[in-house]
Amino acid sequence: MPPATAPHSQALVDWLFLDLNSYFASVEQQMHPELRGKPIAVVPVDTDATSAIAASQEAKKFGIKTGTNIGEARRRCPDLITVMANHDFYVEFHHKIIEEVERHFPVHIICSIDEMACKLDAPRRRLDVALDLARRIKQGLRERVGECVTCSIGLAPNRFLAKVASDMQKPDGLVVLLPEELPGRLLELELSDLCGIGRRMEPRLHACGIRTVADLWEASSETLHRAWGGVCGDRFWHGLHGGATEDDVPAAHRTLGHSHVLAPEFRTPPAAGIVARRLLLKAASRLRRMKYRARQLHLSVRTEDGPRCEAQAKFEEGADSIVLARVLAELWERVMKQARWQRVKKVSVTLFGLVAEALPQQLELFHSPDASASKEQRENLSHVLDQINQKYGRDSVVIGFTPDTVRTFSGTKIAFTRIPDREEFKE
Ligand SMILES: [Mg+2]
């Protein structure tokens, strides 16, 4: 009879998940040696009314974390140093980190600016080999990216559990969750420690009689289906129990969009319309750089005091700014009619139904040869615009009118769920 727990030399894992520790704060400490060993909080603006967007290990000992109000943080730790965020550095380091990880093994999915996952190949699935890979990555980051750049790595049968494992030991962790040992160390966790169980999900689980991770583990996939209200529950069950998850298509590539909350002076419909177009052109430029085409566009607008109004359109796949801007203009009319042309607080533009550019394009049955030629010309024009903007800076050439005041709207911001490419700063 095989032993209940396989000897580690024979154990297998499929995913390596890497999470950088106190990322923004560590980059600051790397760049500024005088900040090392000190409690620091990275802030978006220089006022005590704001909240930390990152805290160093030293600050975390005082209970300061992402989201802690700075006034409160100073009460907890009078020596706290606040540092204004330098997003350029964080992106620069992000690319250096990817480069270093990829010296050891290809990154399969970049999950956010400080998280990435590698799907291990057959030789590296052996636990001893995977552990060695993890240690070499950690050492490489320290030696070639910076001594302050540490990470926690999780090894597990799927990406979900590998992420959970990476969260279990900080800083500089290395945690393994083996399928044959589950639930094992998962039982040490609270429900809210699991990615996918947020503040809204927890009460729904309670309503199904699930209060602990042990309860969650015992629950059937039907129960989780009910708790989540759909297939997400089945997927969660599958992931929790170590099943393979749908990770072969990077989810980040399936939709592509931008949204913006408008400053009060830009909330009139005409100004908001310009912002919407700016967001679309930026998304279109990213679409082309990723060598994708889109087949649908979604526009959503939230008015200052009304509900959210939205509309979407399907079109023949394309990546051409002129055509996309035309589709947007139609959607804008529809959405603003719904919104009764009230002042706009937030605009979101999303391209989806993405397909890789390499796929052969569908034959355009009802288009004359001239019309398809002009389509090709338009796409070429879009590429030329991208190149000019790359070379001479953002907004050197744009389609339509972009007043100076609107330019800063679509400036590159760090999203925790998406990493700006270096090129994107110029779009
Ligand atoms: Mg992190």
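Me: Which cut-offs decide whether aspartate 19 counts as buried?
Reply: Buried means under 20% relative accessible area, exposed over 50%, and partly exposed in between (1.4 Å probe, protein chains only). Aspartate 19, at 5% relative accessibility, counts as buried. This is a predicted model, in which local features need pLDDT of at least 70, side-chain atom pairs count only at pLDDT 80 or more, and totals for chains, interfaces and linings use all residues. Residues are numbered from 1 along each chain as its sequence is written, and side-chain values use heavy atoms, with hydrogens and water left out.

Me: Which protein donors does the magnesium ion have?
Reply: Donors are N, O and S atoms within 2.8 Å of the metal (3.2 Å for Na, K and Ca); water is not among the atoms, so sites may look incomplete. Here they are Asp19 (OD), Leu20 (O) and Asp114 (OD), lying 2.2 to 2.4 Å from the ion. Along the chain their spacing is D-L-x93-D. Aspartate 114 is also buried, with a relative accessible area of 16%.

Me: How many salt bridges does a search of the whole structure find?
Reply: A salt bridge is a side-chain nitrogen of Lys or Arg within 4 Å of a carboxyl oxygen of Asp or Glu. The search finds 18. One of them joins lysine 170 to aspartate 167 (3.1 Å, N to O). Shared partners link Asp19, Asp167 and Lys170 into one network. Lysine 170 is partly exposed at 48% relative accessibility, and aspartate 167 is partly exposed at 32%.
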